[in-house]
Amino acid sequence: MPLIIGVERDRIMRRLVESGVILSGHFELHSGRHSDRYLDKRLFMQELVEEYDQFCALIADRIVTEGYSAIVAPEAAGMMVAERVLGHIRSRNYKVGYAPAYKTDNGFVIDSNYKREIAGRCVAVIEDVITTGDTAVKAAQLARSMGASVNSVYCLFERGAHRRIGGIPIHPVVSIELQDWTPPCRLCEQGIPLSPKPMGGSQLALSD
Ligand SMILES: [Zn+2]
């Protein structure tokens, strides 16, 4: 269940479109699939500072009220969100363990120094954007292999209608329904050229 729904979600969606965080066009996603809309997550984090902070505060509230005792964040983008969430958690005088999960040539790893942060604890995975959820699932499996129990994934945005991934409930702050298709998509068939991605950024693609 998203943390923001109803009229507040409508307000945020308008803000995302007005500020250019959600773009319309003909985009090739990181996955190679095509979409008519694109979420520029870096622009969200850099320009919609108030909303970004509000989103992180909402996740922090959940971590505290649900009683999680540790968080795991996969890759740089997840870690950026997790560190801001941690700031809000600490400002509530609540303590959680924290373990970053890095992608290496041999798959995801959590440095063994972080094992004590999560072993035997109830863990939430923190992500920026969930597309397929593969990254979050891998981070969850890794945390479990180190003795943690993983009960939830929290993310800023989720772009489908996922409720669970790999058996784990997903809680996006905002769910935005974006469709994507295997090319040639209907826009290809209409001869519409691909839109340039903002800042040319592979890391901007709305993908894992
Ligand atoms: Zn297309």
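**Core, sheets and helices in a predicted model**

In this predicted model, the largest nonpolar core has 54 residues, and those touching the most other members are I59, I71, V72, V123, V125, I126 and A143.

Me: Which residues is I71 in contact with, leaving aside its neighbours within four places in sequence?
Reply: I71 is one of the core residues that touch the most other members. With the neighbours within four places in sequence left aside, its contacts are I63, A82, V96, Y98, V123, A124 and I126.

Me: Which strands stand at the edges of the sheet of seven strands?
Reply: The sheet is open, its pairing is mixed, and its order is β5-β4-β3-β6-β7-β9-β8. An edge strand has a single partner, so one side of it is left without a neighbour in the sheet. The strands in that position are β5 (107-109) and β8 (164-165).

Me: Which residue in β7 stands opposite I126?
Reply: Strands β6 (residues 122-130) and β7 (residues 149-158) pair in the parallel sense over eight bridges. Opposite I126, the residue in β7 is Y154.

Me: What angle does the direction of helix α6 make with that of β6?
Reply: Helix α6 (residues 134-145) packs on the sheet and touches β3, β4 (97-104), β5, β6, β7, β8 and β9. Its direction and that of β6 make an angle of about 160°.

Me: How far apart are the end C-alpha atoms of α6?
Reply: Helix α6 has twelve residues, and at 1.5 Å a residue they should span 16 Å. The distance in the model agrees with this, at 17 Å.

Me: Is I130 buried or exposed?
Reply: I130 lies in strand β6. Leaving aside neighbours within four places in sequence, I130 is in contact with A136, V153, C155, E158, H162, I170 and P172. Because 28 other C-beta atoms lie within 10 Å, I130 is buried.

Me: In β10, which residue is the bridge partner of S35?
Reply: Three strands form an open antiparallel sheet in the order β1-β2-β10. β1 (22-28) and β10 (180-181) each have a single partner strand, so one side of each is left without a neighbour in the sheet. Two bridges join β2 (residues 34-39) to β10. In β10, the partner of S35 is D180.

Technical notes:
Residues numbered from 1 in each chain as written. Predicted model: local features only at pLDDT ≥ 70, side-chain atom pairs only at ≥ 80, totals over all residues. Pairing = 2+ DSSP bridges. Helix = DSSP H or I, 4+ residues; strand = E, 2+ residues; numbered from the N terminus. Contact = placed C-beta atoms within 7 Å. Axes fitted to C-alpha atoms, helices over the stretch in contact; angles between N-to-C directions. Buried ≥ 20, exposed ≤ 12 C-beta atoms within 10 Å, placed from the backbone. Expected span 1.5 Å × (residues − 1). Core = buried A, V, L, I, M, F, W, Y, C linked by C-beta atoms within 7 Å.
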